[in-house]
Every structure is written in structure tokens, then in C-alpha cells.
Amino acid sequence: MMIIKNVRILGGEPVSIRIADGVIAEVAPGMDAPEAIDGAGAIALPGLVDLHTHLREPGREDAETVRTGTQSAARGGYTAVHAMANTSPVADTAGVVEQVWRLGREHALCDVHPVGAVTVGLEGRQLAELGAMADSAARVRVFSDDGKCVDDAVLMRRALEYVKAFDGVVAQHAQEPRLTSGAQMNEGVVSGRLGLAGWPAVAEEAIIARDCLLAAHVGSRLHVCHVSTAGSVEIIRWAKSKGWNVTAEVTPHHLLLTDDLVEESPVGAYNPIYKVNPPLRTRADVEALRAALADGTIDIVATDHAPHPVEDKETEWSAAALGMVGLETALSVVQEAMVETGLLDWAGVAQRMSALPARIGRLPGQGRPLEAGEPANIMLYDPTARTEVDPSAFASKSRNTPYEGMTLPGRVVATFLRGRPTVLEGKLV
Ligand SMILES: [Zn+2]
């Protein structure tokens with residue numbers, strides 16, 4: 001038995017939460033015990049759920065492992081992550097997804113749900129064994145070639161048809177490859193000035209439009225990864241207005257950062273810390289993404305946590321790896337972009353960072369309201385704190401954050417996975 005006292009669920013009035021056997025036994029004001037954990041007025045949210053994490057194991061344990069990646073997740077308030085399939089070997093068989101699932105059971109600080117590849121080796125030529133991954137111990141429900149786009153329309157259609165049998169979803173990395181061949185950053189005014197090959201918005205939007213039509217045609221579930229343009233938002237809004245089963249995510253960095261940073265930033269010009277796929281876009285795109293997340297056109301925030309070792313990132317722009325770490329700063333960035341701007345309250349944040357990602361990933365024990373009888377997956381957050389981002393303090397093995405030195409609002413105080421603390425007073429347990 002354990003009591004967490006003096007916490008404000010979704011920012012409401014202070015209450016105590018009594019936990020027994022990993023389950024919330026009671027929520028009521030005033031409960032106390034000598035060994036109670038004092039939340040000191042922190043906000044309590046259901047443990048966050050990430051639909052899009054790169055844990056890098058197996059294959060790139062120099063960048064991240066299941067252990068360090070989930071430590072990073074716990075530090076960010078997460079109690080479940082979906083581990084993307086672009087590992088080495090690729091998670092395209094029951095054997096590999098079970099390996100990742102087992103690593104999660106043995107070493108993780110949060111639940112790890114492997115994502116299965118859509119095509120063998122992420123090569124876009126032949127469907128992977130989706131059914132075997134769904135039936136495996138890992139119970140895969142989310143399938144993605146993330147990092148690469150399933151650009152063959154016939155394969156995409158067949159994948160959408162196949163996953164219907166087990167209520168799965170295809171999560172598409174929408175990037176028409178020929179339109180982005182050699183692209184280095186968002187195509188626009190800044191890329192023109194810098195003379196870097198542009199990455200046009202239409203390369204993303206064309207695939208999203210095609211996939212929405214395919215999902216409607218076969219009556220299946222489509223999820224759009226890391227939406228980054230205002231035009232993509234318009235297409236998803238249209239698809240939803242038709243009643244089609246389309247969901248979408250946005251990353252914290254696409255809610256805050258713009259492509260101007262490639263030209264001029266606190267860390268100088270051409271700093272590959274800002275190199276990411278999809279690229280940072282314009283201020284108008286950021287405003288459209290914020291509005292879409294607020295009005296539900298974009299369903300969720302997903303981190304696209306993409307750890308890279310220093311040698312892959314601190315090199316010249318054209319050679320640098322694409323991606324940013326994000327688990328430990330996600331909620332602070334969302335507070336900055338969405339809460340401080342009045343676009344979302346804490347209930348809205350909980351919906352978009354916990355309840356809906358759990359629903360899209362079909363995780364019955366995650367994203368639940370903080371009520372009696374529900375699993376005790378809880379995170380405590382102090383929104384009044386102000387923290388200067390210090391990458392050397394990250395639990396992640398990698399340090400490639402674009403927020404180094406920035407002061408962001410909020411601080412994760414504690415995280416509980418089925419009643420077991422994984423983080424207390426901001427530190428790993
Ligand atoms: Zn991607």
C-alpha cells in the first residue's frame with residue numbers, strides 16, 4: 001500500500017491517491033500515512049505514452065539501448081513507448097519483435113511495445129510477416145517502415161488490408177522519396193538563401209493524401225507519423241470530415257522550432273542539431289500544427305526520439321544523421337507551445353500524450369483516467385519549475401537535443417509504473 005498525497009489530477013484540487021497491488025485503490029482528499037509520498041502540489045497526469053520512439057536496440061547500442069531509452073522515457077514521465085522497427089536487424093519477423101519485447105520485460109523502466117516493419121528489411125519490396133508479429137508474444141498492433149516511406153501504393157494497400165484482421169494500424173512516414181532525393185532542409189526562402197537542396201511540403205502531402213484515400217478504400221486504420229506542414233493538416237482535416245479512420249501525430253520539435261534556425265541560431269549557422277526528418281518548417285506551419293493539435297485534427301504528440309552518437313551528429317550538415325532526442329523534454333516543449341499559449345489545458349495534454357496514443361496503439365492498460373480501479377500509471381509534473389536544458393544530465397545515451405541551454409517550463413517530479421516508482425524527485429529510482 002502506498003499513498004501519494006497533495007497532487008492535483010489534471011490540474012484540479014489537491015487530493016491523495018492510494019495505490020495497492022499496482023492499482024489505484026482510492027482517490028480522495030486528505031488521505032495520509034507516515035511514509036506517504038508528498039506531491040507538493042504537483043499536477044498528476046496518467047503516465048505518458050509514446051507512439052514513436054527509436055530505442056536503437058538491437059544494432060546501435062552505441063546510440064541507445066532498451067535500458068537507457070526507457071530510463072529516458074521514465075525521466076520524461078512516460079510509462080509506455082512504442083519501439084520503432086528500423087533497428088539492425090530490422091524488426092520484421094516474430095523473432096526480432098519478441099527479442100525487443102523480451103528486452104523490455106527484463107531491462108525497461110516502462111512498457112516497451114515493438115512496432116513491426118511493414119516490408120521486409122524496410123526495403124519496400126515485399127510485405128513482412130505482419131500476422132506472425134501480431135500473433136507473437138509481442139502482440140504487435142502498430143506497423144511502420146518509419147525512417148522510410150512505404151511509397152509503393154500496391155504494397156501500402158495490401159498492408160492496410162492485412163492489418164484489419166487483427167485491428168492493427170499502419171503508421172506511415174509520409175515522404176515521397178523521389179521528390180526529396182538529396183534534400184537537406186525544408187524547401188523555402190531559407191533553403192534558397194543557403195543554397196541547400198529543398199525538401200518540399202508536397203513530398204509529405206502527396207503521400208498523406210494518397211494514403212487517406214487508400215485507407216478509406218479498404219476500410220482500414222491509417223496513422224500519419226510526424227505531420228510537419230500546414231497542407232498536411234488540411235488533408236487530414238478533410239479525411240476526418242469524411243469519417244475515415246485516420247489519426248495523426250506531431251512531434252514537440254515541430255510545434256516549437258522553425259527552419260530559420262538552420263541559418264541563424266544560438267549555436268550558429270548550419271548546425272546539424274537542427275537536421276531532422278521531416279525537416280523543421282516555417283512559422284506558418286508551426287502555427288497550423290498547433291491549431292490542429294488543439295482542435296483534434298492532429299490527435300497526439302509523439303516524440304520521434306531519435307538518438308545519435310556525437311560522431312554521427314557533430315559533422316558537416318550534409319553528412320550528419322537526421323533526428324533529435326526528445327523523451328526528456330517532450331512535456332516541457334508541449335507546455336511551452338500549447339499550454340503557455342492557452343491552446344490546451346492539462347486534461348487536453350493528457351488526452352493527446354497518454355489516452356489517445358494508448359488507444360491508437362491498442363494498449364488497454366495505459367492512458368487510463370486516474371480513478372479507483374485503474375492501473376497506477378501516473379506521472380507528477382511541476383509546471384511552475386523553469387529548467388535550463390542540460391544534455392549531460394540526460395538518461396539517454398545520446399545528447400542530440402536542439403534545446404541545449406534553453407530554459408523550458410516544467411519539470412517531471414515522479415513517474416509510477418503500475419504503482420512502482422521509476423522516477424522520484426526527478427531522479428531515476
Ligand atoms: Zn519518420
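This is a predicted model: local features need pLDDT of at least 70, side-chain atom pairs count only at pLDDT 80 or more; totals for chains, interfaces and linings use all residues.
Local features require pLDDT of at least 70 and side-chain atom pairs pLDDT 80 or more, whereas totals for chains, interfaces and linings use all residues. Side-chain values rest on heavy atoms, without hydrogens and water, and residues are numbered from 1 along each chain as its sequence is written.

The zinc ion is coordinated by D146 (OD), H173 (ND1) and H226 (NE2) at 1.9 to 2.2 Å; donors are N, O and S atoms within 2.8 Å of the metal (3.2 Å for Na, K and Ca), and sites may look incomplete because water is not among the atoms. Along the chain the donors follow the spacing D-x26-H-x52-H. D146 has 3% relative accessibility and counts as buried, as does H173 at 2% (buried, under 20% relative accessible area; exposed, over 50%; partly exposed in between; 1.4 Å probe, protein chains only).

An open sheet of mixed pairing comprises 8 strands in the order 3-2-1-4-15-16-17-18. Strands are DSSP runs of E of at least two residues, helices runs of H or I of at least four, numbered from the N terminus; pairing requires at least two DSSP bridges. Strand 1 (residues 2-9) pairs with strand 4 (residues 37-46) in the parallel sense over 5 bridges, and K5 stands opposite D38 in strand 4.

Contact (heavy atoms within 4.5 Å) between helix 7 (residues 230-241) and helix 10 (residues 283-295) involves A230, V233 and R237 of helix 7 and D285, A288, L289, A292 and D295 of helix 10.

Terms used
Axes are lines fitted to C-alpha atoms, for helices over the stretch in contact, and angles run from 0 to 180 degrees between N-to-C directions.
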